[in-house]
Amino acid sequence: MGGLCPRCRGRGWCGRDECVYLATLREISRRLRRHRDLDGYTLTAHVSWRGYPRVRLTPGVGERDVPDEGRELARLPYEEVIELRALTFRKRNERRHVRETPSLSDEEVEAAVSSRPVESTLHVERRVGEPSRTAPFIGPLVEGRLELDGTPRVPRPLERVHEDELKAEEAVIELYERGLDESHIARAFSLGLLGRTANRRLVPTRWSVAAVDAIISDHLKRAARELPPGDEYRLLRGELFGNEMWVILRPEPLSYELIEVYEPGAPWSDRERVTVLRDSEVSREEEPEETGGAYYAARVGALEACLDLGRQFGITVVRVVRREYSAPLGAWVIREAVRRAEEVLRTDDFGELLEALEKRMDDTARAALKALRRDRQGTLDTFL
Amino acid sequence: MTLFRAYQEEARYFKYAFNAAGKVVEEAPLIISPDKGILSRAMDASHIAMAVLEMPWEMFDEYEAPTEEEELIYGLDMEEVTRIVRRTRVTDEFTLEAESEDEVIVKLATGGYEREFRLRSIEIEDIPDEPELDYTVEVTVVPDFVQDAVRDADLVSDTVKVGVEDGTFYFKAEGERGTVQPKVQEGAEALLGFDAEEDVETAYPLDYLKDMIQAAQGAESVIIRLGEDMPLELEFRIGPAGEGRLKFYLAPRVEE
């Protein structure tokens with residue numbers, strides 16, 4: 001079950017005075033009552049996973065000219081992002097087989113991957129669904145007609161990798177290197193615009209995000225392996241929307257793990273107990289079993305930090321999820337939270353780093369520390 | 001001109017050893033020593049595991065050691081090696097040789113025909129020294145026990161404790177779904193050798209162990225060396241009379 005909001009519905013579990021969630025629901029109803037034509041911007045598209053391989057491709061129309069991209073959204077206050085999301089109306093389309101990929105010249109698709117949101121009018125006939133109750137939080141589903149008033153502009157690099165039929169993996173890396181936001185790349189990936197024509201298919205949004213983060217972080221991993229080993233222990237800290245990130249860098253050959261701690265009441269948490277999840281690269285399973293998409297999203301940010309420092313490290317990312325993060329918004333929040341992490345300590349003594357963490361963390365976050373102390377993977381270097 | 005050549009009537013020993021080593025390390029040197037035979041030592045990229053291979057010349061049915069005094073060193077992309085291994089039958093006649101310093105040649109012969117694979121040598125940056133460790137425990141068990149123990153443990157966890165207590169050698173895995181504890185006692189048929197100075201228990205990552213035990217199929221017995229908070233050493237004797245050895249070192253899980 002997704003966020004706290006849809007379960008609590010205004011009972012104040014998140015500790016806010018005013019319920020953001022109910023306010024946005026009220027706002028949705030008010031809009032739809034007042035008039036049936038929504039003037040706004042086509043800024044995204046969603047591919048459902050239910051019914052796979054027959055899925056729905058739903059363009060999203062919001063009322064503000066803010067791209068549906070992690071880097072942009074992360075600059076706004078949390079409540080504003082929730083509202084933006086809640087008021088992004090999704091236009092329901094007929095189901096289609098994932099192999100029937102749309103063309104880039106399809107208006108709705110072109111607008112969804114445009115570099116800027118495209119002015120549009122959504123003529124609503126009827127409302128067929130509430131905002132999504134599962135994460136990430138997205139707006140209501142409607143039936144109707146979408147009319148583009150502006151002209152979509154597809155970024156040149158995207159157009160090129162699409163036309164040149166670069167392999168999907170190469171295309172994702174190319175777009176990342178060109179500076180496209182991961183959300184944007186994942187959207188193109190999900191709409192079946194990347195890869196060799198014969199291999200193209202629609203990919204449900206939630207899978208596409210994890211796939212894109214996995215491809216990018218594998219790419220960064222290859223680069224980081226070439227770097228000289230780190231010299232000291234470093235501790236970085238960043239935060240976004242109630243996602244507290246601790247990045248612990250050890251002077252060891254490159255490795256990565258994510259430990260997640262959920263405060264009671266936070267999305268997906270246990271209501272009474274602190275929940276601790278952990279996935280490590282050491283367990284070389286194909287996919288992270290416990291932490292899902294968060295594992296790859298945090299890995300992108302953490303590896304970028306290594307590349308910035310010009311050294312490789314043994315990396316542990318600790319994510320502490322607070323109750324304030326009442327409506328989960330997607331993997332981009334985790335990626336951006338790690339990107340915001342700044343160095344708070346540098347030392348050659350791991351014990352000192354653990355002590356510093358102990359001091360700075362509250363009881364909830366310390367559960368991660370316990371997991372870290374209890375058990376982590378050693379290397380052979382100490383025995384050579 | 002042949003720089004070296006090693007021939008074995010059955011590929012069995014190489015198939016299992018190279019398969020396991022290829023899953024553990026990404027790349028490895030192939031060191032051709034005029035007096036010691038064919039050797040290799042490599043760590044995986046994370047430095048969690050090391051594979052050490054020793055195949056003395058006596059292990060082969062026929063061989064031509066290098067005539068120069070210097071060692072020949074080739075670099076193997078183990079993923080490529082694994083691919084060839086997959087195409088190898090245990091009953092194939094097996095030849096490893098080289099005509100130049102740029103590539104090694106694997107020949108597989110069966111039923112009157114021969115297949116030849118040429119592997120381009122890659123650059124190997126450094127060859128690690130083998131760790132010298134003072135183990136307090138050495139046990140020898142039948143390969144089946146280790147295979148079962150590791151696969152059982154994998155049902156409930158991704159790490160496993162390996163230890164000795166009161167003359168019992170055991171694996172122990174604990175997870176939310178339950179606990180498994182395969183064990184063998186001193187005096188049991190499956191325990192071929194037992195030498196413990198003290199009781200120990202150390203945890204190791206199962207994923208690596210799962211790859212390593214692939215070598216058990218080609219082995220008569222497995223020697224396991226242990227110490228408190230020390231790497232685990234797995235040694236498989238390979239070759240018709242166990243002349244060769246494949247060893248793995250695996251770094252422990254550590255507590256602060």
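**The sheet and the contact**

Guide: Start with an open sheet of five strands, ordered β5-β1-β7-β8-β9 (chain B), with antiparallel pairing. Strands here are DSSP runs (E, at least two residues), helices are H or I runs of at least four, and both are numbered from the N terminus. Strands pair when DSSP finds at least two bridges between them. At the edges lie β5 (62-64) and β9 (113-120) of chain B, each pairing on one side only.

The model is predicted: local features need pLDDT of at least 70, side-chain atom pairs 80 or more, while totals for chains, interfaces and linings use all residues. Residues count from 1 along each chain, chains are lettered from A and ligands numbered from 1 as written, and side-chain values use heavy atoms, without hydrogens and water.

Inside the sheet, β7 (93-98) and β8 (103-110) of chain B share five bridges. Phe94(B) has Leu108(B) as its partner in β8(B).

Now the contact (heavy atoms within 4.5 Å). Chain B gives 30 residues and chain A gives 21. Between the two chains, six residue pairs are in polar contact, both at pLDDT 80 or more (N or O atoms within 3.5 Å, one able to donate a hydrogen, the other to accept it; residues adjacent in sequence count only through side-chain atoms). On the side of chain B that touches chain A, α4(B) gives the largest share, four residues. That side holds 17 nonpolar, three polar and ten charged residues, with Gly counted as polar.

Strands meet here too. β13 (376-377) of chain A joins β20(B) by two bridges, running antiparallel. Gln377(A) partners Arg253(B).
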